[in-house]
Amino acid sequence: MSSTFFTWLRSPAAREYFFSTHFWGPVANWGLPLAAISDLRKDEEVISGTMTTTLALYSMVFMRFAWMVQPRNYLLFACHAANATAQTVQDVRFIRYWHYGGRERKYGLAASDAKGPVSEAIEAAKQDSKRVAETK
């Protein structure tokens, strides 16, 4: 197996591959998943839900492209699979933090601790909905 690989490596086909966009495009594209993987250690507060979702969908589309193009571009496919996975993990972190109480747990807050105009507006809306329900 390894001798076959090394034989191919010395062939004109290998040189043609390594000097093509079929190779260098995916290599340059690896910056996206590497950045996403390094961002997995950052605070959830700085995650952009919109951008993360967009990048995950973008990579899913290009995974299909890399699979359908002839000859198949496995390097591009792997790059976008890694990026889609990392971006999806970031999306899950974002949703847990902003929508499922992660922020409150981090800062030790409860919904009942909210004070100020926002909590007053919430209480007013609850009272209004009760009045509407009673009049029906």
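Me: Does Tyr58 count as buried, partly exposed or exposed?
Reply: This is a predicted model, in which local features need pLDDT of at least 70, side-chain atom pairs count only at pLDDT 80 or more, and totals for chains, interfaces and linings use all residues. Residues are numbered from 1 along each chain as its sequence is written, while side-chain values use heavy atoms, with hydrogens and water left out. Buried means under 20% relative accessible area and exposed means over 50%, with partly exposed in between, for a 1.4 Å probe and protein chains only. Because its relative accessibility is 31%, Tyr58 counts as partly exposed.

Me: What kind of aromatic pair do Tyr58 and Phe62 form?
Reply: Rings of Phe, Tyr and Trp (its six-membered ring) pair if their centres lie within 6.5 Å, and planes under 30 degrees apart count as stacked, over 60 as edge-to-face and the rest as tilted. The structure holds 6 aromatic pairs. In the one formed by Tyr58 and Phe62, the ring centres are 4.9 Å apart and the planes stand at 50 degrees, so the pair is tilted.

Me: In which helix do Tyr58 and Phe62 both lie?
Reply: Helices are DSSP runs of H or I with at least four residues, strands are runs of E with at least two, and both are numbered from the N terminus. Tyr58 and Phe62 are 4 residues apart, which is about one turn of the helix that holds both of them, namely α5.

Me: What kind of pair do the rings of Tyr97 and Trp98 make?
Reply: Phe62 is partly exposed, with a relative accessible area of 32%. The rings of Tyr97 and Trp98 have their centres 5.1 Å apart. Since their planes stand at 85 degrees, the pair is edge-to-face.

Me: Which residue is linked with Tyr58 and Phe62 into a cluster by ring pairs?
Reply: Ring pairs can join into a cluster, and the one that holds Tyr58 and Phe62 has a further member.

Me: What is the form of the peptide bond from Gln70 to Pro71?
Reply: Most peptide bonds are trans. Pro71 has its place in the loop between α5 and α6. The bond that leads from Gln70 to Pro71 has omega near -5 degrees, and its form is cis.

Me: Which residues does Asn73 touch, not counting those up to four places away in sequence?
Reply: Asn73 has its place in the loop between α5 (49-68) and α6 (74-99). Because its relative accessibility is 5%, Asn73 counts as buried. Contact means heavy atoms within 4.5 Å, and with residues up to four places away left out, Asn73 touches His22, Pro26 and Ala66.

Me: How many Å apart in space are Glu104 and Thr53, C-alpha to C-alpha?
Reply: Glu104 lies in helix α7, which covers residues 102-107, and at 34% relative accessibility Glu104 counts as partly exposed. Glu104 and Thr53 are 51 residues apart in sequence, whereas their distance in space, C-alpha to C-alpha, is 23 Å.

Me: What radius of gyration does the protein chain have?
Reply: The secondary structure of the protein chain comes to 8 helices and 0 strands, and its C-alpha atoms fill a box of roughly 80 × 35 × 25 Å along the principal axes. The radius of gyration is taken over C-alpha atoms, and the globule rule is 2.2 Å times the number of residues to the power 0.38. A compact globule of 136 residues would come near 14 Å, but the protein chain has 25 Å.
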